[in-house]
Amino acid sequence: MVNEPTPAPLLSIVVPVYGVEAYLYQCLESIRADIPAGESDAVEMIAVDDASPDGCGDMLRSYAAGRDGVRVVHLSSNVGLGLARNAGLDVATGRYVWFVDSDDWLPPGTISAVLDRLRQHQPDVLMLDHLRVHEDGRREVDASSHLLRGIPGVTRLDDQPHLLRVQHTAWNKVVRRDFLDKLELRFFPGWYEDIPFSHPLLIGAEKISVLDRVCYLYRQGRQGAITSTRSGRHFDAFAQYERLLDWVARKHPDERLQAELFQLMINHYLVVVGNDGRLHPHLRRDFFHRAADHYRRYLPAGGYPLPPGVTGLKHRLVGRGDWLAYSALRQAHRAAGRLRRTGPGGGVDAGSGSVTADDDPGRGAGTATTGDGGVVTTTQRRDELAGSRRP
C-alpha cells in the first residue's frame, strides 16, 4: 500500500507571540474558527512563542493540543518580533505566508476571501485593507485605505505607484513564499522591522493583487506596543531605512523610486520626533540631527517632491539641520492645536495634548507630490545648507 503524500497548504499564517496573554485567544480563534469547512488542509497556523514572560507559552501548548493545523514553536530566548517571524517562516510549508500579530485579529469571512483571491490571481503579493480598533471599541478607517480602491485584477507598482504609500506593515500583505525566497528577504532585528521588508515586496513584485476588503483588525493603544512606548529604541528606524535604501540602490536604482522612498522616510522621522509618546524630550534633539544626517546622505540627485504646507516646511528644516527653528515650529503648532480643541466653555478637550500634524507616513500622510514647495533639488538643498551655516 502506498501512502499518498499530504499536499502542502496554500496558506501559512505565522503568529509571533510575546506578552499578549489578554489578547492571544481572540487572535488564534479569529483565525482557526474562520477557516471554511472543507478547507482545513489549505491553511496552517504557526504560533511562535518568543520566550513570552507571561502565560502565553502554556496557552499555546493547550491551544495546539488536539487541534489539527496548529503548530507551536517555542524559542529559548526572546529575539524580538522580526526574528520571531523568521522562526515561523523557517518551518512554514504553505505556498503563501501571512504574518499576523498576536494582539490583533481577523474579522469573520477573511480566510475564505483571502484563499479565493490567492487562487484566482496567484499574485506575488496580496494587499489587504484593515481597520484600527481602539480600546473603547471605536473602529477607525485607516488614512491610507483609499489607496486600495479601484484596482481590479493584478497590477505592478509601476502602474500603481501610490501603493507604496499604503501602511508599510507585514500584516497587510500575503506573500508568495517562492517570491520571498527569490528576493532573499527576511526580517532584521530591532524595532521598525517592517521597513526593509514591506517596501521591497511591492518594488520587486510582478503581480500585485489588492483585496478591497477589511481583512485585519489592528489594535490601538495596547500597553507595550512600540508606537505608544517612549524608548531610545525608536532610533532603530535609522538602521532599518539604511537597509531599505541600500537594497533599493543595489536592486532597483530608479530615481523616481528613490525620491518617493526618501519623502516617506523623512515623513516617518517627523512622526517619531514630533510624538511625545515615542521619544523622551531629552532624546528629541539627537533624533532630529540623525534625521538631518540621513537627509543629506540620501537626498536624491534629482531632488524629490516636497510635501505642501507645514509638512514641507518641516522637511526644509530637517534638510538644514535647524533644530531651533523646528522646535519653535512644533511648539507653535501644538499651541494652535490646543486652541482649536478648546471647548465652548473655555476648557480644553481631553485629547488636547496630542500632536495631530505628524501622521504616520504609511497611513497616507503627505500624499501630495508638489504643492507650495514644489520639487527640492540637490543643488537647492546644498545652497540652503550653506546658507544655514552663515553667521
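**Close-up views of a predicted model**

View 1. Ala51 is partly exposed, with a relative accessible area of 26% (buried means under 20%, exposed over 50%, and partly exposed in between, with a 1.4 Å probe and protein chains only). You will find Ala51 in the loop between β2 (43–49) and α2 (56–64); helices (H or I, at least four residues) and strands (E, at least two) are DSSP runs, numbered from the N terminus. Its phi is near 50°, a positive value in a residue other than glycine.

**View 2. Gln122, in the loop between α4 (110–121) and β5 (125–133).** Gln122 is not a glycine, yet has a positive phi of about 45°. Gln122 is partly exposed, at 40% relative accessible area.

**View 3. The largest nonpolar core.** This core has 71 residues, and Met127, Leu163, Leu201, Leu261 and Tyr269 have the most contacts inside it. A nonpolar core is a set of buried Ala, Val, Leu, Ile, Met, Phe, Trp, Tyr and Cys residues joined through side-chain atoms within 4.5 Å. Helix α8 (residues 255–273) gives the largest share of this core, 11 residues.

**View 4. Around Met127.** Not counting residues up to four places away in sequence, Met127 touches (heavy atoms within 4.5 Å) residues including Leu148, Leu163, Asn172, Lys173 and Leu211.

**Notes.** This is a predicted model: local features need pLDDT of at least 70, side-chain atom pairs count only at pLDDT 80 or more, and totals for chains, interfaces and linings use all residues. Residues are numbered from 1 along each chain as its sequence is written, and side-chain values use heavy atoms, leaving out hydrogens and water.
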